[in-house]
Amino acid sequence: MSLGRVFFCFVFYHFFKTTHSVANGNNKEKLIVRNFDISAKGKFFSKPGSLLSNQTTKSTKECCFKCVQNKECLSVNTIALDQSRCQCELLNWAGTGFENQLVSKTNSRFMQMQTSCSPNPCQNGGQCTVKDRGTNYTCTCVGRTGRNCEEKCVLFDFESGRLEGWNLTGTAFNNQPTYGDNTLARGKPSANLKGKWFVGTFEDRPSPSHPAAGQQGNGPTGTATSPTFVIRGTKLRFLIGGESNINTERLELLIGGSVVAKATSTQSDHPMTMKSFDVTAYKGKEARVRLVDMSSGSWGLLNVDQIEDSYCSE
Ligand SMILES: [Ca+2]
Ligand SMILES: [Ca+2]
């Protein structure tokens, strides 16, 4: 909520025939307190199909009360007209990510009932939209999947600029990942990286402040083993380039510490191409990838980027 949680409008709603009461044979009057959060001040919410009714009330509080009385209502726009009158719009929408749907207007407010989207149950930047009259929700995920966007499908894209949690041996991966299209900067073909970072063991540009075209050359060798992840989908995809010699330059998939699959570049060249392993047999298992550069000779380099689980697109 952009203005924080503010319990602005407390509506004491006499609710005579709730399902709960009927189920218990109890017709005793229930006192329901419904809270609204102010989501925006000086702005109102505008989304086609969300307006249930437009009326005039004496106050913002009365508008909230009208909303509580309307089974479809999840939020309200109120616009103070004068001291004793308020334009009251009842809306059937509630959720997060409403900021792009706001329109500026003096003396207006957009307020949402507290629902299953408050607080936001969607993880990793996912947006929550209320459904089933506030009792349920759906998450719109970014680069993730799962009910609450908890499933990670882009496993390693190196876009943090660090090999966080990776275990390194030797020296080939000490200055990784590489910032920018450093092969292109050296006058070679593009590395065909995704995003702004990739792993390239010939390269030496570990930050934007390092000069472009920096290189450590073919000499360094070593391995980089990833943190553990759980395989969800049927394929593990990755971009790979460099030397096409699987004996010296490769990406390995490890299950229980054993290599179950390995791949190398299609040809000895800088541009990475997408390859994949069929991991159907390993669904649900913990795995790691290991990047291997064991050559100091000509083309003794490995490029890797965008290691992802196919689960999110299945
Ligand atoms: Ca990347
Ligand atoms: Ca090397």
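Reply: Helices (H or I, at least four residues) and strands (E, at least two) are DSSP runs, numbered from the N terminus. This is a predicted model, in which local features need pLDDT of at least 70 and side-chain atom pairs count only at pLDDT 80 or more, while totals for chains, interfaces and linings use all residues. Residues are numbered from 1 along each chain as its sequence is written, and chains are lettered from A and ligands numbered from 1 in the order in which they are written.

Me: ok, how many helices and strands does the protein chain have?

Reply: The protein chain has three helices and 23 strands.

Me: and what share of the residues is buried?

Reply: Of the 314 residues in the protein chain, 36% are buried. A residue is buried if 20 or more other C-beta atoms lie within 10 Å of its own, exposed if 12 or fewer, and partly exposed in between, with C-beta atoms placed from the backbone.

Me: what's the strand order in the open sheet of five?

Reply: The order is S3-S7-S5-S6-S4, with antiparallel pairing. Two strands pair if DSSP finds at least two bridges between them. The edges are S3 (36-45) and S4 (51-57), each of which pairs on one side only.

Me: how many bridges join S3 to S7?

Reply: Eight bridges join S3 to S7 (residues 102-113). One partner pair is Asp 37 with Gln 112 in S7.

Me: which residues of H2 are buried?

Reply: In H2 (residues 60-69), the buried residues are Thr 60, Cys 63, Cys 64 and Cys 67. Seen down the axis of H2, the buried residues fall within an arc of 100 degrees, so they line one face of the helix. The arc is that of the directions from the helix axis to the C-beta atoms.

Me: new topic. what does UniProt say about residues 113-150?

Reply: An unreviewed UniProt entry has the annotation "domain: EGF-like" for residues 113-150. UniProt positions are given in the numbering used here, feature names are shortened, and annotations may be inferred rather than shown by experiment.

Me: how much helix and strand is there over 113-150?

Reply: Residues 113-150 are 0% helix and 34% strand, and the end C-alpha atoms are 25 Å apart.

Me: last one, which strands does S16 pair with?

Reply: S16 (residues 222-225) runs antiparallel to S13 (residues 167-170), joined by four bridges. There Thr 169 has Thr 223 as its bridge partner. S16 also pairs with S22 (residues 286-293) in the antiparallel sense, over four bridges, and the partner of Ala 224 in S22 is Leu 291.

Notes. Contact = placed C-beta atoms within 7 Å. Axes fitted to C-alpha atoms, helices over the stretch in contact; angles between N-to-C directions.
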